[in-house]
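Subject: Structure for you to look over

Hello,

I am passing on the structure we talked about. Please open it alongside this message.

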Amino acid sequence: MMDEYLVAAGSGYKYASAREPWSCHHFARVEIADRLNASLLATQRLPEESIWFPDPRDPAAYDKRIADVGGIDFFILASGASDGHVAFNPPGSDRSSRTRIIQLSEDTRRDNLQTFPAFGTLAAVPDHGITVGIDTIVSAGESVMIVWGSGKRLTLSRMKSAERYEPGWPATVIHECPLGEILADADAAAPPDAR
């Protein structure tokens, strides 16, 4: 997994509860592992320990762990609608950034509130997260950026107008990926000012 919400724990941070429907741990279990495993024999199922998350106690260890197994073959990416964040990389993220803890921007938190109405209010959206960096994403063999729905018109337009990574709109990282593709639906592909 590329990221996870964090909550304060003493002088540091820990993962948000995996019981919360908006947590990435919950998503990985319910939307990925449970769905894949439902139709597989017990011997073929994806084991829980094969789903990895960066550890907030040692973010840099994630990049080392990825490198130790030969890297990421394929990343599925998505972009924030209002600020172009990818994973939790906010605008201004350096091209050389690696896995780290970051403070989530208000735009990112608002985007996540829209994606996960279960938060209820902006105040309930965690204000920190752990994320792979831009360089971590670029290091993958292949990547696809999924851009779906009318709310993503601006981000698709910004990606299409860029030729390389632009720190002000992190989703432009797709242009730095060795094999990168943008997959958009008709609603996202309409002009940004279309209604």
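The model is predicted, so please read everything here as computed from it.

Overall fold

The protein chain has 6 helices and 7 strands. In sequence order they run β-β-α-α-β-β-α-β-α-β-α-β-α. The C-alpha trace spans about 45 × 35 × 35 Å along its principal axes. A compact globule of 195 residues would have a radius of gyration near 16 Å, and the 17 Å of the protein chain agrees with that. Of the 195 residues, 41% count as buried. Among contacts with a separation of 6 or more, 70% are between residues 24 or more positions apart.

Nonpolar cores

The largest nonpolar core holds 23 residues, and those touching the most other members are Met 2, Leu 77, Val 86, Ile 137, Met 145, Met 159 and Val 173. At least two core residues come from each of helix 2 (60-68), strand 3 (74-78), helix 4 (134-138), strand 6 (142-147) and helix 5 (153-161). Helix 4 gives the most, with 3 residues.

Leaving aside neighbours within four places in sequence, Val 173 is in contact with Leu 77, Val 86, Ile 134, Ile 137, Val 138 and Tyr 165. Another core, of 9 residues, lies apart from the largest one; Ala 16, Trp 22, Leu 122 and Val 125 are among its members.

Pockets

The largest pocket has a volume of about 1,400 Å³. Its lining comprises 41 residues, and Met 1, Met 2, Asp 3, Phe 27 and Ile 76 lie nearest the centre. By residue class, that lining divides into 28 nonpolar, 9 polar and 4 charged. Strand 1 (3-9), helix 1 (24-37), helix 2, strand 3 and helix 3 (106-115) each supply at least two lining residues. Strand 3 gives the most to this lining, with 5 residues.

Two single residues

Ala 87 has a positive phi of about 55°, although it is not a glycine. The residue is found in the loop between strand 3 and strand 4 (100-103). Ala 87 counts as buried because its relative accessibility is 12%, below the 20% cut-off.

Cys 177 lies in the loop between helix 5 and strand 7 (180-184). With a relative accessibility of 6%, Cys 177 also counts as buried. Not counting residues up to four places away in sequence, Cys 177 touches Ile 137 and Ser 143. Ile 137 is also one of the core residues named above, and it is in contact with Val 173. The C-alpha atoms of Cys 177 and Asp 135 are separated by 9.5 Å, with the two residues 42 apart along the chain.

Regards

Notes: Residues are numbered from 1 along each chain as its sequence is written. This is a predicted model: local features need pLDDT of at least 70, side-chain atom pairs count only at pLDDT 80 or more; totals for chains, interfaces and linings use all residues. Side-chain values use heavy atoms; hydrogens and water are left out. A nonpolar core is a set of buried Ala, Val, Leu, Ile, Met, Phe, Trp, Tyr and Cys residues joined through side-chain atoms within 4.5 Å. Buried means under 20% relative accessible area, exposed over 50%, partly exposed in between (1.4 Å probe, protein chains only). Helices (H or I, at least four residues) and strands (E, at least two) are DSSP runs, numbered from the N terminus. Contact means heavy atoms within 4.5 Å. On a 1 Å grid over the protein atoms alone, a cavity is a set of points where a 1.4 Å probe fits but cannot get out, and a pocket is an open set with protein on both sides within 12 Å along at least five of seven lines; lining residues have an atom within 4 Å of a point. Grid points are joined across faces, edges and corners, and a volume is the space filled by probe spheres set on the points. Ala, Val, Leu, Ile, Met, Phe, Trp, Tyr, Cys and Pro count as nonpolar, Asp, Glu, Lys and Arg as charged, and the others, Gly among them, as polar. The radius of gyration is taken over C-alpha atoms; the globule rule is 2.2 Å times the number of residues to the power 0.38.
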